[in-house]
Amino acid sequence: MAKIILTGDRPTGKLHLGHFVGSLSRRVELQNTGLYDKIFIMIADAQALTDNADNPDKVRENIIEVALDYLSCGIDPEKSTIFIQSHVAELTELAFYYMNLVTVQRLQRNPTVKAEIQMRGFSEQGEEQENQQRKGTPVGFFTYPISQAADITAFRATTVPVGEDQEPMIEQTREIVHKFNSIYGPTLVEPEIMLPTNAACLRLPGTDGKAKMSKSLGNCIYLSDTADEVKKKVMSMYTDPDHLKVSDPGKVEGNTVFTYLDAFSKPEHFEKYLPEYESLDALKDHYRRGGLGDVKCKKLLIAILEEMLEPIRERRRYFEEHLDEVYEILRRGSEEARMAAADTLQDVRRAMRINYFENTDIMQRR
Ligand code: TRP
C-alpha cells in the first residue's frame with residue numbers, strides 16, 4: 001500500500017517557533033526521507049472559517065502568510081503538494097456522506113472540540129440559558145472533525161503527523177473509516193497518527209513562560225520576525241524570577257531560556273558559541289550552582305536561533321519577491337489535490353452505489 005502523508009494548518013495567523021519545533025521541521029524531515037509516496041500539506045481555510053465566518057479577510061490574508069512560512073522552512077513543492085482546502089470541493093461532499101455515520105453524541109464527546117468550544121466562549125449544549133452573552137456553537141465548527149476525516153481519507157492518507165491535541169480527530173476518522181467500510185465494503189484507508197518525538201518539542205512555551213505560544217498573549221517568536229525582533233524578545237524572556245544576582249543559584253526547570261535551549265541547542269553549538277561549556281548539561285549545572293547570568297544564556301539562545309532562522313528568512317525574502325511563483329504553487333497544488341480527492345470520491349460513490357450516471361442500475365426498477 002502506498003505511504004501517504006496528509007497534514008495541515010488553519011490559516012489564522014503567521015506561524016511561530018512553536019509550529020516550527022512541533023510540526024514544520026518534522027514535515028521537512030519526512031519530506032526529505034523519500035520514504036513517502038506522496039505528501040499533501042493543506043492550508044485548511046475552510047476549517048478556519050468554521051469559527052471565523054465573520055472574518056474571511058483574516059483567513060484569506062493568512063493563506064499567503066502560511067504558504068510563505070511553509071516554503072521558507074524548506075517545504076519543497078516538488079516533493080510536497082501544498083494546497084488550499086476550500087478549492088477541493090470534493091472534500092465537502094465526502095464530509096456530507098460521513099455526517100450520516102457520526103452521531104451528535106459522539107461529536108459532543110470529542111475532547112478537543114469540547115475544549116475549543118469553551119475557549120471560544122461558544123455555549124456548550126444545554127447551557128444556553130445560563131448566559132445570554134454566549135454566542136452558541138456554529139454547526140460547521142461543531143462538525144469539523146467530520147470534515148477533517150474527509151480531508152484525511154480523500155487522499156488515502158496512511159500517516160497524519162499532528163500534535164497531540166489532534167489525536168481525537170484521528171480517532172474519529174478511524175471510526176468513520178471502519179463504519180464506512182463495514183457498511184459499504186472496503187473503500188477507505190485507515191490512517192495512523194504520527195506524534196512529535198522530541199519531548200522538549202511537544203509544546204514550546206511562550207516567551208513569557210506561559211504554557212503555549214499564542215498570538216493573543218503576544219508571547220510568540222514568529223518565523224518571519226527580524227533579527228532585531230528576535231533579539232528583543234529573547235532579551236526580555238521569562239527566566240527564574242528568584243535569580244536576581246549573577247551569583248544567585250538559579251532554577252532551570254520552568255526557565256524559558258533553558259526550555260528553548262532544550263528544544264533548539266545541539267552539542268556543536270557549545271563548541272561554536274560557548275566553548276567553556278562542553279554541553280547544555282554543563283551550562284545548566286553552572287546556572288544551578290550560581291555565578292552564571294541570564295544574559296549570557298540569552299545571548300547563546302539568540303545565536304542558536306539566528307543560525308536557524310536566517311536561512312528561513314532568506315528563502316522568505318526570495319518568495320516574497322516572487323509571489324507569483326507562490327500563487328502558482330498553490331494553484332497547481334490545489335489542482336493536483338482535487339484530482340486525488342475526485343478519485344476517492346468516485347470510489348465512495350461506487351461503494352455507496354450512488355454513482356447513478358455511471359451505470360444504468362437506477363433504471364432497473366426493483
Ligand atoms: N485541525 C488542524 C489544526 O487545527 C488542521 C487540520 C485540518 C488538519 N484538517 C486536517 C490536520 C487534516 C491534519 C489533517 O491544526
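How do the residues of the lining of the largest cavity divide into nonpolar, polar and charged? They divide into 5 nonpolar, 2 polar and 2 charged (Ala, Val, Leu, Ile, Met, Phe, Trp, Tyr, Cys and Pro count as nonpolar, Asp, Glu, Lys and Arg as charged, and the others, Gly among them, as polar).

Before starting, note that this is a predicted model, in which local features need pLDDT of at least 70, side-chain atom pairs count only at pLDDT 80 or more, and totals for chains, interfaces and linings use all residues. Residues are numbered from 1 along each chain as its sequence is written, and side-chain values use heavy atoms, with hydrogens and water left out.

**Stop 1: the cavity**

Select Gly22, Ser23, Arg26, Arg27, Pro161, Val162, Met194, Leu195 and Pro196, which line the largest cavity. On a 1 Å grid over the protein atoms alone, a cavity is a set of points where a 1.4 Å probe fits but cannot get out, a pocket is an open set with protein on both sides within 12 Å along at least five of seven lines, and lining residues have an atom within 4 Å of a point. The volume here is about 60 Å³, taken as the space filled by probe spheres set on the points, which are joined across faces, edges and corners. Helix α1 gives the largest share of this lining, 4 residues. Helices are DSSP runs (H or I, at least four residues), numbered from the N terminus.

**Stop 2: the second largest pocket**

Now select Phe20, Ser25, Glu29, Lys266 and Met308, the closest to the centre of the second largest pocket among its 22 lining residues. Its volume is about 460 Å³. Two or more lining residues come from each of α1 (17-33), α11 (256-264) and α14.

**Stop 3: α14 with α3**

Show α3 (residues 56-73) and α14 (residues 294-321), whose axes come within 8 Å and cross at roughly 130°. Therefore α3 is oblique to α14 (angles under 35 degrees count as roughly parallel, over 145 as roughly antiparallel, 65 to 115 as roughly perpendicular and the rest as oblique). Axes are lines fitted to C-alpha atoms, for helices over the stretch in contact, and angles run from 0 to 180 degrees between N-to-C directions. On the α3 side, contact residues (heavy atoms within 4.5 Å) include Leu68 and Leu71, and on the α14 side Ile312 and Phe319.

**Stop 4: α14 with α10**

Finally, show α10 (residues 227-235), which packs with α14 at about 150°, the axes 10 Å apart. The two are therefore roughly antiparallel.
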